[in-house]
Each structure stands twice: as C-alpha cells, then as structure tokens.
Amino acid sequence: TAAIVVSPFVYAVRQAPSLVLNSEVEQACWFPMARFLEAERHVQRGYSYRGLDVTLPAIRVLEGEGPLLWGLTYRFLETFLRLTGEELPPMPWHRVT
C-alpha cells in the first residue's frame with residue numbers, strides 16, 4: 001500500500017479575505033485561534049469505526065450544534081498549538097460504554 005502524505009499550511013493575514021465556496025467546499029468560516037482553547041467548546045463524541053466504538057475529543061467550531069472539528073484535523077490543530085506553546089486535552093482513545 002502507498003503511504004498518504006498530508007501537508008497542512010498555516011498562514012497569517014491582517015484581515016479576513018472573502019471565502020469562495022465551490023463543489024468541494026459547502027461551508028466556510030473564519031475562526032480565531034484563541035477560541036480553540038475555550039473549555040466550553042471542548043466536547044467528547046462517540047464514533048464507530050470498523051466495529052469499534054470509541055470516544056474522541058472534538059471542538060465546537062460554531063455556536064449550538066454546528067460543525068465539530070475532530071479526527072485528523074484535531075490532530076493537526078493539536079500539533080500546531082503545541083508548537084506555539086499551547087495544549088489541547090490529549091486524545092483519549094477508549095471504548096464507549
């Protein structure tokens with residue numbers, strides 16, 4: 001099997017440019033980095049993968065029941081924030097009871 005390489009990029013901008021949706025992007029928003037550290041945005045969600053039920057950490061991106069940041073994107077954010085001296089809660093892999 002071939003390895004998959006994912007290369008995330010981080011940019012700094014002085015002001016938020018307009019976001020353009022297309023066939024690959026249904027929804028987009030700007031989200032200040034500091035909000036990722038707000039405790040009330042951190043939730044745990046159960047997922048089932050290949051017959052294994054696990055609980056994974058996630059972050060509410062918008063208010064209410066909006067989209068969750070989780071999985072690989074969560075890991076990218078976790079690594080990026082660690083490089084800036086910040087920490088997210090660790091990803092606790094365990095079975096849902």
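The dialogue below goes from the chain as a whole to its sheet and helix.

Reply: This is a predicted model, in which local features need pLDDT of at least 70 and side-chain atom pairs count only at pLDDT 80 or more, while totals for chains, interfaces and linings use all residues. Residues are numbered from 1 along each chain as its sequence is written, and side-chain values use heavy atoms, leaving out hydrogens and water.

Me: Which elements does the protein chain have, and in what order do they run?

Reply: Helices (H or I, at least four residues) and strands (E, at least two) are DSSP runs, numbered from the N terminus. Here there are 1 helix and 3 strands, and the order from the N terminus is β-β-β-α.

Me: How are the strands arranged in the sheet?

Reply: Two strands pair if DSSP finds at least two bridges between them. In this case the 3 strands make an open sheet with order 1-2-3 and antiparallel pairing. Strand 1 (42-49) and strand 3 (68-69) are at the edges with a single partner strand each, so one side of each has no neighbour in the sheet. Strand 1 pairs with strand 2 (residues 52-60) over 8 bridges, in the antiparallel sense. Tyr49 stands opposite Leu52 of strand 2.

Me: Where does helix 1 lie?

Reply: Contact means heavy atoms within 4.5 Å; axes are lines fitted to C-alpha atoms, for helices over the stretch in contact, and angles run from 0 to 180 degrees between N-to-C directions. Helix 1 (residues 71-83) lies across strand 2 and strand 3, at about 55° to strand 2.
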